[in-house]
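This report describes the inside of one protein chain.

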Amino acid sequence: MLILSRFHVILITFLFFISLLSPLLSTAIPINIWPKPRFLSWHQQKAIALSPDFTIISPEHQYLSASVTRYLHLIRSESYSPLITGPVKLTKGYTLSNLVVNVTDLSLPLHHGVDESYTLCIPVGSFSAHLSAQSVWGAMHGLETFSQIIWGTSPDLCSPVGIYIRDSPLFGHRGVLLDTSRNYYGVDDIMRTIRAMSANKLNVFHWHITDSQSFPLVLPSEPSLAAKGSYGPNMVYTPEDVSKIVQFGFEHGVRVLPEIDTPGSWGEAYPEIVTCGNMFWWPAGKSWDERLASEPGTGQLNPLSPKTYEVVKNVIQDVAKQFPEPFYHGGGDEVIPGCWKTDPAINSFLSSGGTLSQLLEKYINSTLPYILSQNRTAVYWEDVLLGAQIKVDPSFLPKEHTILQTWNNGPENTKRIVAAGYRVIVSSSEFYYLDCGHGGFLGNDSQYDQRGGGASGGSWCAPFKTWQTIYNYDITDGLLDEEERQLVLGGEVALWSEQADPTVLDSRLWPRASAFAESLWSGNRDERGVKRCGEAVDRLNRWRYRMVKRGIGAEPIQPLWCLRNPGMCNAVNVALEDQ
């Protein structure tokens with residue numbers, strides 16, 4: 001830990017000064033920080049020039065040191081000019097020489113619940129700015145904030161002076177899910193996504209690696225899964241690729257959470273462990289309830305096959321070795337009765353009085369110990385507990401070792417999960433599915449013969465989820481009991497890739513994932529408890545332009561004219577009401 005006694009004297013004096021000021025000063029400032037900090041005070045709105053030799057002084061740490069190098073380069077090279085400038089007076093007579101970083105505990109790991117708070121102050125009259133954090137990961141958030149308050153072109157860079165920021169997230173789990181099974185994304189695409197996540201203070205990259213369509217993950221113990229289940233030898237993730245992505249995540253304060261779903265792509269290597277593999281997903285003349293899958297790409301692991309557990313055990317062990325993340329996502333959504341019923345052994349089991357739920361219980365009861373043996377907490381989709389036709393008894397899901405991820409019925413399912421005593425990650429499709437509203441991907445679909453092309457345009461989860469819809473969603477809505485609210489770990493926006501690939505990755509994610517990031521970092525309400533979506537639009541618009549300048553292809557949310565003419569693009573006589 002780096003300790004400077006002069007820093008503490010300056011900080012105490014500075015804290016006394018800002019304690020006399022109102023936190024409402026944060027509502028009208030010419031600088032733009034995204035996500036908005038929990039507390040910001042900049043009373044005099046003065047600026048100071050950065051020294052041409054400006055540097056960052058920090059403790060030595062593998063990941064923090066890499067982050068410091070990256071941010072120092074960004075500060076010197078970004079050349080950011082605000083689209084809207086405010087009345088800021090440049091202080092003369094001295095320059096800002098350095099940013100001093102203090103970390104209380106360098107050993108705190110990047111796990112859920114780690115302290116991500118930080119304070120940042122640039123006192124008037126000081127040659128140094130000061131960033132303090134409990135953990136390396138909080139310090140990284142502070143570095144990002146510092147980079148966002150710098151403007152100008154090197155060597156003529158400026159920073160606010162007399163500014164104090166105290167910041168921390170409302171929720172510890174703030175993630176982006178990316179599906180790399182239905183369409184393949186290169187390592188560079190994934191790392192660019194992690195880089196953008198870090199800039200938005202998002203901290204979990206949920207990597208949905210495998211699904212029915214492909215198995216692109218190369219595993220040493222089971223190489224045939226990727227060799228036969230991927231789209232080809234150039235569309236796989238090798239152990240070296242995974243290590244590169246995981247290390248890149250650490251350097252950006254982003255956990256990489258693997259999800260290994262267990263459907264039909266496994267059957268390319270092991271057809272004997274998969275039921276209904278490579279069959280047509282919705283047989284002719286059958287009802288929806290008799291389908292074999294919810295979309296093209298069939299196959300489910302067979303819980304009655306001993307070979308299933310041999311392969312699953314190897315997969316879990318290999319994934320745990322490649323991913324140090326303490327959470328392991330085992331999938332478990334949309335188990336379809338019709339698929340299991342195509343197997344003779346399963347039909348015999350059912351004829352003898354067994355149930356489909358008992359099959360799932362057998363699978364969970366046999367594989368959960370594999371996950372726990374790797375010192376991992378199991379994450380499953382909500383279906384394993386809340387499924388309408390197939391679900392397990394809660395006794396098979398120990399609450400201390402299980403987290404459920406919800407994607408249906410909005411706050412209602414969140415309430416059901418926490419009422420049952422489980423921790424939950426919220427990914428309600430009605431609010432957080434970023435692929436929705438882009439039509440359907442089925443060929444020969446008769447609904448397009450209808451006038452208007454079908455009410456939903458072919459998208460099961462239409463309409464398109466606007467940034468406002470995402471921003472305004474309260475993931476603890478309806479939870480009045482504080483103990484239940486504490487079980488909500490956070491949330492994830494999800495990009496499923498039936499109709500997404502690297503060509504649209506950035507624009508599908510950003511800036512809508514930015515709106516999500518702020519709502520889970522500092523909230524979607526102002527100091528009075530009123531929804532602040534209307535106030536956020538200009539800030540998000542400005543942040544979107546800065547992300548584009550940083551190499552992230554975020555889609556526009558307004559014409560540039562709206563930024564040039566503040567307030568002129570607002571709706572007439574419409575106030576955003578507290579929902």
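The sections below take up these topics in turn.

## Basis of the model

The model is predicted, with local features needing pLDDT of at least 70 and side-chain atom pairs counting only at pLDDT 80 or more, while totals for chains, interfaces and linings use all residues. Residues are numbered from 1 along each chain as its sequence is written, and side-chain values use heavy atoms, with hydrogens and water left out.

## Cavities

A cavity is a set of points, on a 1 Å grid over the protein atoms alone, where a 1.4 Å probe fits but cannot get out; its lining residues have an atom within 4 Å of a point. Points are joined across faces, edges and corners, and the volume is the space filled by probe spheres set on them. There are 3 cavities of 30 Å³ or more.

The largest cavity has a volume of about 90 Å³. Its lining includes Ile260, Trp266, Val312, Tyr328, Tyr363 and Tyr380. Helix H7 (306-322) and helix H10 (356-373) are the elements that give two or more residues to this lining; helices (H or I, at least four residues) and strands (E, at least two) are DSSP runs numbered from the N terminus. By class the lining has 9 nonpolar, 3 polar and no charged residues. Here Ala, Val, Leu, Ile, Met, Phe, Trp, Tyr, Cys and Pro count as nonpolar, Asp, Glu, Lys and Arg as charged, and the others, Gly among them, as polar.

The second largest cavity has a volume of about 40 Å³. Among the residues that line it are Leu74, Glu78, Trp151 and Arg546. Two or more lining residues come from each of helix H2 (62-77) and strand E5 (151-153). This lining divides into 6 nonpolar, 3 polar and 2 charged residues.

## Nonpolar cores

A nonpolar core is a set of buried Ala, Val, Leu, Ile, Met, Phe, Trp, Tyr and Cys residues joined through side-chain atoms within 4.5 Å. Buried means under 20% relative accessible area, exposed over 50%, and partly exposed in between (1.4 Å probe, protein chains only). The largest core has 142 residues, of which Leu99, Phe146, Trp207, Tyr237, Trp266 and Trp510 touch the most other members. H10 gives the most to this core, with 8 residues.

Beyond its neighbours within four places in sequence, Tyr237 is in contact (heavy atoms within 4.5 Å) with residues including Tyr184, Trp207, Pro216 and Val242. A second, separate core of 8 residues includes Trp381, Trp407, Ala494 and Trp496.

## Cysteines

The model has 3 disulfides, a disulfide being a pair of cysteine sulfur atoms within 2.5 Å. Cys276 is joined to Cys339, S to S 2.0 Å. Cys276 lies in the loop between strand E10 (274-275) and strand E11 (300-301) and Cys339 in helix H8 (residues 337-340), so the bond ties together parts that are 63 residues apart in sequence. Both Cys276 and Cys339 are buried.

Cys436 and Cys461 form another disulfide. Cys436 counts as buried because its relative accessibility is 0%. A further disulfide joins Cys562 to Cys569; Cys562 is buried at 5%, whereas Cys569 is partly exposed at 32%. Cys158 lies too far for a bond, because its sulfur is 19 Å from the closest cysteine sulfur, in Cys121.

Technical notes. 1 Å grid on protein atoms, 1.4 Å probe; cavity = no way out; pocket = protein on both sides within 12 Å on 5 of 7 lines; lining within 4 Å.
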